[in-house]
Amino acid sequence: MDHLHNGTRDIHALIVDDDDVDREKLMRMLRRGPRNITFEQAASHAQALGMIRQPDAHYDIVFLDFGLKDGDGRDLLPEIRAEIDPDCPIVAVTGNADQQVAADSIKSGMTEFLTKRTLSPERVAASVEEGMAWRKYRQELRRAEEELTHRSLHDPLTDLPNRTLFADRLSQSCARARRSGDPFAVVMIDLDRFKEINDSLGHAAGDAVLVTIGRRLREHLREVDTTARLGGDEFAVLLQNVDGKDSALAVALKLTELIEQPIVYDGRLLYAGASLGIALCPQLGYDPDALLHAADEAMYQAKRGLEKVAFAEGRERRLAAPQNERSLLHDIEDALQHRAFDWHWQPKVDMRSGKVLGFEALVRWTHPKTGPVPADALIETVEQSHLLEDFTYLSLDVVLEQFARLQHVVDGAGIAINVSARMLERPGFVGRVVEAIARYRVDPARVVLELTETALIAHPSQAKRVIEQLHDHQISLSIDDFGAGFTSFGYLREFAVSEIKIDRSYISRFTESRFDQSLVTSLVVLCESLGIPLVAEGVEDPETQAMLVAMGCICGQGYGICRPMPYDDVRGWVKSWNADHGKRRLSA
Ligand code: C2E
Ligand code: CA
Ligand code: CA
């Protein structure tokens, strides 16, 4: 970004207009502006098209007349975006001063609108500045989007594809194999002795081992193959065009050899090993999950046995849900009947002023025999069962009833309730939410539903409809865990989203990771431009909090501010928090 030269940098403009006098006039005005501008001119639609399609064509801005004798100037828009630059600012210059035409042209992708009759050097200069600002903003957005997409598909430590991307490549390979018979192999790799290294020499040593092995695997394999880190010390490889056991085994043994080569760390040699499991496609069918599972089983078999590499044989029948899972579901059903779930509240605050902005309700459940069950585990089980609907409506019922009793105490603050994505597809969902809100006489404008972004992306049109319905009832929607999945900023513009919560994983490494910092900076810019508040979740310490505030991320939630607390403690907490912050504000 060069701030210094922004005002004087040369600009190369294309002017498309079939009227010689108008072109001259525009150029004269442009020359009087503060920038150094060079021009190229096109006097017809056809000529403009020819110039745009030149292989080395480059323009910083295009001035475009609609009413060309040989065609509509607007037709050139997609061509300019595709051939020149997707972010090229395009200024409409027309004889028509109609408001509707102006609005339509902006909608159709023009950046600015000038009418010939009211043209002045100031207006022309302003349109150039607007155009340049627009381009910069678009480029920044694009960069952030790319960064985020890369990040959501790669493992931050090794920069290898992560589980999500691996799963995607695997399904593609399955589809290709089915279509054209291209065989491939899924190889699961689990390191041996990794835990020893980690425990005895520390995480830095463990990280060095993972990074080195990741690099060796990637360097050895071909471009068409995929090497991924699935998590922990687990890697996976897709080998394309491997048609039988012999060739797969040859590659697998080579990989083992690479893994076993000593790794130099801090002046010493570390030795790792690995167990590999292989599943072949099409021998074991075309189902991605089944292939992965088979490779995994084979890998465990290798771990138990003497051979380092094992092949999945035939189709192994997956065991039915393990006994304990079935009984967990049974116990959850029981708990639902007795309303044995509890919701703890965690505040969300303005990190500058300390003002309490709202609370998030988080489920808590103590299993009668095994003790507290982590919320994620509980939710995961509930989501995959027939209990999801009952659970969701219970959560709305309990939390809204709680909020009704407190809404006067916590003035202005809202209540956020987590909702599973799959609820969006249930008929009558919005009606039930509205009904519960009305039942407890809660102000709907203070109710926020938190949804993870994957929901929106999996079923965009359905999600859009539900969100619009919620919006019509003044209920807000927050995007939870933003950045954890396949993020696309495009969705944010489309949906009526009223808040974005950055995924905890970005915030927890925040003070050390330049990447996470740059991401937050981009998100701050984006959210400001969209007018959506940005919330940082998982703020654990004062340094993180101070950095976030300095970057313009003002709303925060996390252990460093306050842990989730039982509902009965909320009233007291608000009182003492406000007293503390009142004092601090006075002394500041
Ligand atoms: P979430 O929506 O991302 O909720 C935030 C989680 O971060 C909570 O975990 C919270 O206790 C934790 N947390 C807050 N501040 C910090 C911090 O500074 N550091 C760390 N390390 N963690 C922090 P919890 O309560 O275990 O909930 C886990 C997940 O379970 C939630 O993630 C949410 O997705 C889901 N969940 C919880 N309650 C409900 C519910 O009533 N309904 C649904 N559908 N999902 C729920
Ligand atoms: Ca949440
Ligand atoms: Ca979250």
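**Metal sites and ligand shell**

Start with the calcium ion (ligand 2): Glu360 (OE), Asn418 (OD1), Glu450 (OE) and Asp480 (OD) coordinate it, at 2.1 to 2.4 Å. Before going on, the ground rules. This is a predicted model, where local features need pLDDT of at least 70, side-chain atom pairs count only at pLDDT 80 or more, and totals for chains, interfaces and linings use all residues. Residues are numbered from 1 along each chain as its sequence is written, chains are lettered from A and ligands numbered from 1 in the order in which they are written, and side-chain values use heavy atoms, with hydrogens and water left out.

Donors here are N, O and S atoms within 2.8 Å of the metal, or 3.2 Å for Na, K and Ca; water is not among the atoms, so sites may look incomplete.

Back to ligand 2. Its donor residues run E-x57-N-x31-E-x29-D in sequence. Distant parts of the chain are linked by a pair of them: Glu450 in strand 19 (residues 447-452) and Asp480 in strand 20, 30 residues apart. Strands are DSSP runs of E, at least two residues; helices are runs of H or I, at least four; both are numbered from the N terminus.

Which residue bridges the two calcium ions, ligand 2 and ligand 3? Asp480 does, and the ions lie 4.0 Å apart.

Now the calcium ion (ligand 3). Its donors are Asp480 (OD), Asp481 (OD), Glu537 (OE) and Glu537 (OE), at 2.2 to 2.8 Å. Their spacing along the chain is D-D-x55-E. Again a pair links distant parts of the chain: Asp481 in strand 20 and Glu537 in strand 22 (residues 534-537), 56 residues apart.

On to ligand 1. Its surroundings count 22 residues, and the closest are Trp343, Arg364, Arg504, Glu540 and Tyr559.

The Gln346 side chain brings an N or O atom to 3.0 Å. A polar backbone atom of Val363 is also at 3.0 Å. For the Ser420 side chain, the distance is 3.4 Å. The protein covers 87% of the 800 Å² of accessible area (Shrake-Rupley, 1.4 Å probe) that ligand 1 has on its own.

Which elements give two or more residues to that shell? Strand 15 (342-350), strand 16 (356-367), helix 12 (375-383) and strand 20 (476-482). Strand 16 gives the most, with 4 residues. That's it from me.

Methods
A residue is near a molecule or strand if one of its heavy atoms lies within 4 Å of it. A polar contact is a pair of N or O atoms within 3.5 Å; within protein, one must be able to donate a hydrogen and the other to accept it, and residues adjacent in sequence count only if both atoms are side-chain atoms.
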